[in-house]
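Hello,

Here is the structure I promised to pass on to you. Have a look at it first, and then read on for some notes on its aromatic rings.

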Amino acid sequence: MQYELKTRVIEPQRQTFTHVAKRFGDKPASRYLEGIIDVQPKEHFHYRPTRDPTREIYDDSYSVFRLTDTYSFLDPRQFYYAPYVTARAAHHEAFATSLQYIEDRGLLERLSDGWKGVLTELVVPLRHLESGGQLILCGMARFAFGATITRAAAYSGFDRVGNARVLSRAGIAPGGGTADLLTEAKEHWMDDAALQPLRKLAEETIVESDWGVALLQLDAVDHLLYDLLYRYLDDEAVNSGAPAYSLISQHMSNWFDDNLKWIDALYKARRADPELGETNSALLAEHGAAAVDTALEAVTPFAARIEELLGDGIKAVDRITAKAAEVRSAHTGEQA
């Protein structure tokens, strides 16, 4: 008896789910699209929230920023659970490798007093700012409208916990494996004059009722701080013989570049909205410029303290002022 093996191709009746096909056509779709398109609840709510009976539980009026089609915004990273966890695991494993190298070579102990002061007095206390950012983004994940927006916000909120952990580990390492420097960092965060404007702004942003405005404020602070600490000072650390600081800062800088992708895409979707684009552009100009001005006021004492610690040649205040003008220009469309 002889057998003949043949290949038979069975064409699927449908390439993807109906709700995805309605938007993108009946063709294979990514898992990201299949798991996020049109999953925002819009009807059949049982009750209105007692804290605000004028709105539904899920309502697009929680922010002045709206989209005609909430799914006109897509996270360019296409994150859902599996790729997100994989990407972040790799990120933190890389940081652990860098930190192990720093500890094995005793690089933190070799830092000058100025660089040690920047790290322990200013950078490590920002773990509390990262925790504040997590609360802001959790509020956005709760009150924003559209699953693509709320998912990106939720993952960014998780990232903030990871950032706080990175800064905590950077504080534990020079403390000989103890939490002593973390305790001191909290005291700096609660009491130091250079940090109080930032702490005040973080607390005010946490209770901002409009999640779109809160995101603009957090983003403005991030632009100034991350550019100052993890780009400008990164270069200065290399030139000043402080490689330990540079090795730590590269991981924070890489995260910031990745996080900007979804925020910039959200701003772009707002401006490009066929019905609300003009309104959104005006609102971005108004609230964006105000957020940058507020952030600059809060970060200036912080930058001035960096100049005190590191001395001549460090132009931290000039750096954040120039960066603020750049970010304000991006929101308003005016030349910096």
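Does tyrosine 226 count as buried or exposed? Keep in mind that this is a predicted model. Tyrosine 226 has a relative accessibility of 4%, and the cut-off for buried is under 20%, so this residue counts as buried.

Searching the whole structure turns up 10 aromatic pairs. Tyrosine 226 belongs to helix α9 (residues 211-239) and tryptophan 255 to helix α10 (residues 243-272), so their pairing ties together parts that are 29 residues apart in sequence. Both tyrosine 226 and tryptophan 255 are buried.

Tyrosine 226 also pairs with phenylalanine 256, and here the rings are stacked: 5.0 Å centre to centre, with 15 degrees between the planes. Since tyrosine 226 is in helix α9 and phenylalanine 256 in helix α10, this pair ties together parts that are 30 residues apart in sequence. Phenylalanine 256 counts as buried because its relative accessibility is 2%.

Elsewhere, you can look up one aromatic cluster formed by Phe79, Tyr84, Tyr155 and Phe158.

Finally, here are two arginines to find. Arginine 142 lies over the face of phenylalanine 143, 4.7 Å from the ring centre. Arginine 270 lies over the face of phenylalanine 65, at 4.3 Å from the ring centre.

Best wishes

Note on methods: Residues numbered from 1 in each chain as written. Predicted model: local features only at pLDDT ≥ 70, side-chain atom pairs only at ≥ 80, totals over all residues. Heavy atoms only, no water. Phe/Tyr/Trp six-rings, centres within 6.5 Å; stacked < 30°, edge-to-face > 60°. Helix = DSSP H or I, 4+ residues; strand = E, 2+ residues; numbered from the N terminus. Buried < 20%, exposed > 50% of the residue type's maximum accessible area, 1.4 Å probe, protein only. Lys NZ or Arg CZ within 6 Å of the ring centre and 35° of its normal.
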